[in-house]
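Let's take a walk through this one, starting from the overall layout and moving into the details. Have the sequence and the 3D view at hand.

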Amino acid sequence: MALTVGLRPLTRALLRPWARVPGAALGRPAAGSGDGVRCFGSPRVLVEPDPAAGVAVMKMRNPPVNSLSLEFLTELLISLEKLENDKTFRGIIITSDCPGIFSAGLDLLEMYGRDPAHCAEYWKAVQELWLRVYLSNLVVIGAINGISPAGGCLLSLSCDYRVLANNPKYAIGLNETLLGIIAPFWFKDVLVNTIGHRAAERALQLGFLFPPSDALQVGIVDQVVPEDQVQSTARSVMAQWLAIPDHARQLTKNLVRKPTADRLLQQRDADIQNFVRFISRDSIQKSLHVYLEKLKQKKG
Ligand SMILES: CC/C=C\C/C=C\CCCC/C=C/C(=O)SCCNC(=O)CCNC(=O)[C@H](O)C(C)(C)COP(=O)(O)OP(=O)(O)OC[C@H]1O[C@@H](n2cnc3c(N)ncnc32)[C@H](O)[C@@H]1OP(=O)(O)O
């Protein structure tokens, strides 16, 4: 898949992709891998490779809540691109290193009080991440070990299979309307593809965040398991998916997903312009302000 990362050279230059992870990760063999196989990654994305299995576990660690800032998106994109281009890997498991949070979704501070050029650059990176995960040739499994609203839910929905930890706090859904904003058409498309038109219609308008039992029932996740079994379940599901010949699975995935991705690919620039226009409105900036204040006040 030929996707351009399309971020400012400065943003990319600031990052140090593939630097050895400092501290705990440095020199520590990856779990399940043979001696000498090291974790690698970037400051916010820890990659634990298991070359023997052809699998890499990608742990998001952008504390406190794994909000998808521009820098974090860029690091995720670089990690994904690297794994995608490395023939060692046939599958990745996306999970979180932030306790209780899979991802709080898009970083509201990238959309609040920012100038149009910044918003455009940010939205391009959001599009890019979605396209890369959604159309990945790798098997992508979400080991969802925390709450995942809005953009966090989109990331989960873009995986091939979702395993959610059974904790009532770990709700998942596209809750944009609760913030006074709307889910873009491609977020909506992915939800409709996953849970069907009627369920998506209700969930989107009401900004539902489904707790695990409801999430399983509506089909927004594929499996709910005890929290301490999320990673092992993701690994065994991965083994099932990797039993299928890559070329057949990849062509089938493309057949199913391409029409949805094409809807965005055919109008990426217009989608960016729509986003910038929408997010720059006074009323929307006000809604974001109110929501951010609410988040602050929650702390007391
Ligand atoms: C024509 C139309 C065209 C196009 C469409 C247009 C535009 C709209 C598209 C926009 C799509 C948006 C997608 C999104 O993803 S929006 C983000 C949605 N996310 C949320 O609603 C989650 C908000 N966060 C929470 O609910 C809680 O933080 C959470 C995740 C439950 C964790 O709770 P807790 O552990 O108690 O932590 P805190 O709440 O104290 O948060 C810690 C710290 O993080 C800050 N923060 C939280 N979430 C975000 C975020 N998403 N972005 C930025 N910052 C976030 C929070 O404010 C705290 O900050 P502080 O400085 O106070 O420490």
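How many helices and strands does the secondary structure of the protein chain come to? It comes to 11 helices and 10 strands, where helices (H or I, at least four residues) and strands (E, at least two) are DSSP runs, numbered from the N terminus. Keep in mind that this is a predicted model: local features need pLDDT of at least 70, side-chain atom pairs count only at pLDDT 80 or more, and totals for chains, interfaces and linings use all residues. Residues are numbered from 1 along each chain as its sequence is written, and side-chain values use heavy atoms, with hydrogens and water left out.

Of the 300 residues in the protein chain, 53% are buried (under 20% relative accessible area, with exposed over 50% and partly exposed in between; 1.4 Å probe, protein chains only). Take the contacts (heavy atoms within 4.5 Å) with a separation of 6 or more: 72% of them join residues 24 or more positions apart.

Now for the inside. The largest nonpolar core has 84 residues, and L83, I94, W130, L191 and I220 touch the most other members. Such a core is a set of buried Ala, Val, Leu, Ile, Met, Phe, Trp, Tyr and Cys residues joined through side-chain atoms within 4.5 Å. Helix α3 (residues 116-134) gives the most to this core, with 10 residues. Look around L83 and, leaving aside neighbours within four places in sequence, you'll find F40, V47, A56, M58, F89, I92 and L138 in contact with it.

Helix α3 also holds Q127, which is buried at a relative accessible area of 0%. Not counting residues up to four places away in sequence, Q127 touches W186, L264, R268, D271 and I272.

Next, the strands. β5, β7 and β9 form an open sheet in the order β5-β7-β9, with parallel pairing (two strands pair if DSSP finds at least two bridges between them). β5 (100-101) and β9 (172-173) each have a single partner strand, so one side of each is left without a neighbour in the sheet. Two bridges join β5 to β7 (residues 146-149) in the parallel sense, and I101 has I147 in β7 as its bridge partner.

Last stop: helices α10 (residues 268-280) and α11 (residues 282-298). Their axes are 5 Å apart, and they pack at an angle of about 70°. Axes here are lines fitted to C-alpha atoms, for helices over the stretch in contact, and angles run from 0 to 180 degrees between N-to-C directions. At the contact, F278, I279 and S280 in α10 meet D282, I284, Q285 and L288 in α11.
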